[in-house]
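Below is what I look up, one entry at a time.

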Amino acid sequence: MTDHFRKPAGRPTVLPRRTFIRGVIAGGGVLAAGGSLSAAEPLAEDSVETKPLFNGPNVVLIRFGGGARRRETIDPQSTYSPFLCRQFRMRGTLFNNMEIAQIEGLNTSHGEGTLNIVTGKYDKYKDVEGKFLGARFEPKVPTVFEYLRKSFAVPPHQTLIVNGEDRPDEEFYTFSNHFAFGINYRSNMLSLYRFKAWLMRQQIAEGKLTDKQIKNRKTELAKWEKVDHRTKGDDRQGSELETFWQRWREYYGDSGMVNPRGDRLLTELAVRAIKELRPRLIMVNYQDCDYVHWGNMSHYTRAVSVMDEGLRQIVETVEADEEYRNNTLFAVVPDCGRDNNPFADVPCQHHFGSRSAHEIFALFVGAGVPRNQVVDRRVDQSQVAATLGRLMGFKAEFAEQRVLEEAIA
């Protein structure tokens, strides 16, 4: 299958922007039928041959997500995260007084928090289709993935976001709408959503389906390919990801009944990605804490424990790998905190703008970070992006420029 991110051989071709847009529009309609863009009209990408190699540190960015309070995470007296709280934090620098800024119209929620982290800039996001409670956002400024790929010779399959199956809106946080960055520097996405899209194309190509099954799968693919108007239907992931999904299929099959689910699925995807794709920057978007919205506190505390165990597994994977062991940085940051619902007896909400919904933390561990340090001063979620840039060697020029200095040795 054609790799639409890179020209298969020879020097990469960089198309003028208008030529690129015309080519994408012209080719968009063929994908639902199992076709692809013409080889003469590949997605434009900046040439990696003119960029310096990236020597690290690699970064594993863990979104301790779905909204995780300090109380159940970094407080030793009430934690459900023993690895994070009692072991891992001793290896790095903990910012125990990080907050999300109190800005009128700024929501403390999952999509917004994720984009605060990766862009380093607050914004008042609206769902692109105007859906109620929709979180299909498009950032106006670059993400850390885009900064890294524009600065260094890093291919898209080595910048990864691992996303949960219940967060389809977050499938599209892989690039911004900034005119100098955007689609040419996008990251790749690992999720069951992406696997299913790949699997449908494979099943159609294998010719083992009935006519009715083929029609149904093409209909589903057509819906998927129209979701992100910015890619005009071309959302193929490249040969490296094709191979990754093939291995996943060989191990777990087609049914979806064998592989892990929820946040355990994200851990499995991240561990396999580190071993097979060798990412330079990978973000794991844990989310299961959000099931507390159903009203059961144990859903939340259990999810915190599952994230903690996932963090431990990912850390062990890195430490067992000679190339990653001494050249990898971990950053652990929640998307938002939690508050109480003033209108119903439902615990641990986050939509009501209370102080506790704005209270989070950040932990940096690994290459270039001081050990066993706790920072009590107030810091801000928007400072994470510039700090990662400083540690990785790029400038996040459109992000909040204050750096978390204590995280840098």
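My entries on confidence, a helix, a pocket, salt bridges and backbone angles follow.

**Entry: ground rules.** I'm working with a predicted model, where local features need pLDDT of at least 70, side-chain atom pairs count only at pLDDT 80 or more, and totals for chains, interfaces and linings use all residues. Residues are numbered from 1 along each chain as its sequence is written, and side-chain values use heavy atoms, with hydrogens and water left out.

**Entry: confidence.** I checked pLDDT, the predictor's confidence in each residue, from 0 to 100. The protein chain averages 85, and 86% of the residues score at least 70. Over residues 1-44 the pLDDT is below 50, yet this stretch has 71 contacts in the model beyond near neighbours in sequence. A contact means heavy atoms within 4.5 Å.

**Entry: helix 11.** Helices (H or I, at least four residues) and strands (E, at least two) are DSSP runs, numbered from the N terminus. Buried is under 20% relative accessible area, exposed over 50%, and partly exposed in between (1.4 Å probe, protein chains only). How many residues of helix 11 are buried? I get eight of the nine in residues 384-392, among them Val384, Leu388 and Met392. Just after helix 11, Gly393 takes a positive phi of about 100°.

**Entry: largest pocket.** I searched on a 1 Å grid over the protein atoms alone, where a pocket is an open set of points with protein on both sides within 12 Å along at least five of seven lines, and lining residues have an atom within 4 Å of a point. The largest pocket holds about 560 Å³ of space; a volume here is the space filled by probe spheres set on the points, which are joined across faces, edges and corners. Its lining has 24 residues, with Ser109, Leu133, Gly134, Ala135 and Arg167 nearest the centre. I sorted the lining into five nonpolar, 10 polar and nine charged residues. For that sorting, Ala, Val, Leu, Ile, Met, Phe, Trp, Tyr, Cys and Pro count as nonpolar, Asp, Glu, Lys and Arg as charged, and the others, Gly among them, as polar.

**Entry: salt bridges.** My search of the whole structure turned up 27 salt bridges, each a side-chain nitrogen of Lys or Arg within 4 Å of a carboxyl oxygen of Asp or Glu.

- Glu165 and Arg261 meet at 2.4 Å, N to O. The pair links distant parts of the chain, 96 residues apart. Glu165 is partly exposed at 25%, and Arg261 is partly exposed at 39%.
- Glu276 and Arg247 meet at 3.2 Å, N to O. Glu276 lies in helix 8 and Arg247 in helix 7, so the pair ties together parts 29 residues apart in sequence. Arg247, Glu268, Arg272 and Glu276 are linked in a network of salt bridges.

**Entry: backbone angles.** Most residues other than glycine have a negative phi, and most peptide bonds are trans. Where did I find a cis peptide bond? The bond from Gly56 to Pro57 is cis, with omega near 10°, and Pro57 is in the loop between helix 1 (17-27) and strand 1 (58-63). Arg278 has a positive phi near 55° and sits in the loop between helix 8 and strand 5 (281-285). Asn372 is not a glycine either, and its phi is about 50°. I found Asn372 in the loop between strand 7 (359-366) and strand 8 (373-375), partly exposed at 46% relative accessibility.

Definitions and conventions. On a 1 Å grid over the protein atoms alone, a cavity is a set of points where a 1.4 Å probe fits but cannot get out, and a pocket is an open set with protein on both sides within 12 Å along at least five of seven lines; lining residues have an atom within 4 Å of a point.
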